[in-house]
Amino acid sequence: MAVLKVKFTKTKRDKLAQILWILNWVSVVSGIILFSLGLFLKIEIKKRNEVMAKGDINSVPNMLISVGVIACIINFLGGKICYDCSDANKFSRWKLVMLPYIVCTFCFTFSILVGALMCYTMRNELEESLYLGLRDAIKFYKDTDIPGRCFLKKTVDLLQIGFHCCGNNGFRDWFEIQWVSARYLNMASKEVQDRLKSNVDGKFLVDGVPFSCCNPSSPRPCIQYQLTNNSAHYNYDFLTEELNIWVRGCREALLDYYTAIMRSIGIAALLIWLFELSVLIGVRYLQTAMKNVLLLGDLEGESDGWLLENSFVETAKYNISIIKNLGKANQISTVSGMNDPNIDVQNTDCGKNNVTTKSIPAAR
């Protein structure tokens, strides 16, 4: 029994073909939107590429860009097919193409759904990439005169100013590394020498942060050095007073920023997937209705259209049997092979049983 069977008159078939022609062109626009969203996300990731470790974070934008391009091509072809389906004579040349087209388009719409879901599952990979990238960027913050790293100080400073953040996990990350270049340290100073000797690695560690961590909205002048020394500043207690530097880590700030973008893109991709699926259902009804018209032979009469010719269970069993038989097409059954006349054929005498053969004269 057919699933979701609908009866179509000629007028309904023509209107359905016209509506689907318009919707396919709308789908072309949706493909351009998907392409644009993927390109936008790729550019946003590339902007902070210096503070991200290499990984699979570009898989989502690449997926969206590819799906957007394919959507434009498929829906452009679908618009041409639906436009010709308004004429039964023109439909005959698309008759054998429409079913494979519907199957391929269904698989393609599934890839849109996968791309939308990837926008929600990318958070863990992005968080790890940001953690490793920011850790290395902060570590090489002081290397302003080393090729390949000289840009990191400016990158980190602009990042902390723009996203109102400080450090990787927080401002205390700066306490654990030497972020002041040795070229700006007075090695003759006893204070510098004592700090270099105070740790095993011989680094100049201070309880201070770069200027980019300062909060310009604070009424008090920025305290960026000796943050944990209450006696170094008047009327100051770092345990109880709100610090006038950014306390939020840059990893958290960037993660929230990209998560908000990907959620918006994911919602847009889900809406486009639902729209593409509805257009595909309409194309399926048009294909079956036009096919039945040709079978009936009355181009002006009514015809049935359906989503599936048989029930879901029967359709699933039929497709599974086809898949199973594909692997057996080139195999020889051992049971049938025993009855094959071309296997183990016994020698038979052709002609009479007693046939005298001429002897070959011996050479003299």
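A: A residue is called buried when its relative accessible area is under 20%, exposed when the value is over 50%, and partly exposed in between. The model examined here is predicted.

Asp143 has a relative accessible area of 9%, so this residue is buried. Its salt-bridge partner is Lys142, and the two side chains meet at 3.8 Å, N to O. Lys142 has a relative accessibility of 24% and therefore counts as partly exposed.

A second pair lies in helix H7, which covers residues 190-197. Here the side chains of Lys190 and Asp194 form a salt bridge at 2.9 Å, N to O. These two residues are four positions apart, about one turn of the helix. Lys190 is exposed, because its relative accessibility is 59%. Asp194, at 37%, is partly exposed.

Other salt bridges share partners, and they join Glu44, Lys47 and Arg48 into one network.

As a general principle, side chains of opposite charge can pair when their charged atoms come close. In this model the count of salt bridges comes to 13.

Key
Residues are numbered from 1 along each chain as its sequence is written. This is a predicted model: local features need pLDDT of at least 70, side-chain atom pairs count only at pLDDT 80 or more; totals for chains, interfaces and linings use all residues. Side-chain values use heavy atoms; hydrogens and water are left out. A salt bridge is a side-chain nitrogen of Lys or Arg within 4 Å of a carboxyl oxygen of Asp or Glu. Buried means under 20% relative accessible area, exposed over 50%, partly exposed in between (1.4 Å probe, protein chains only).
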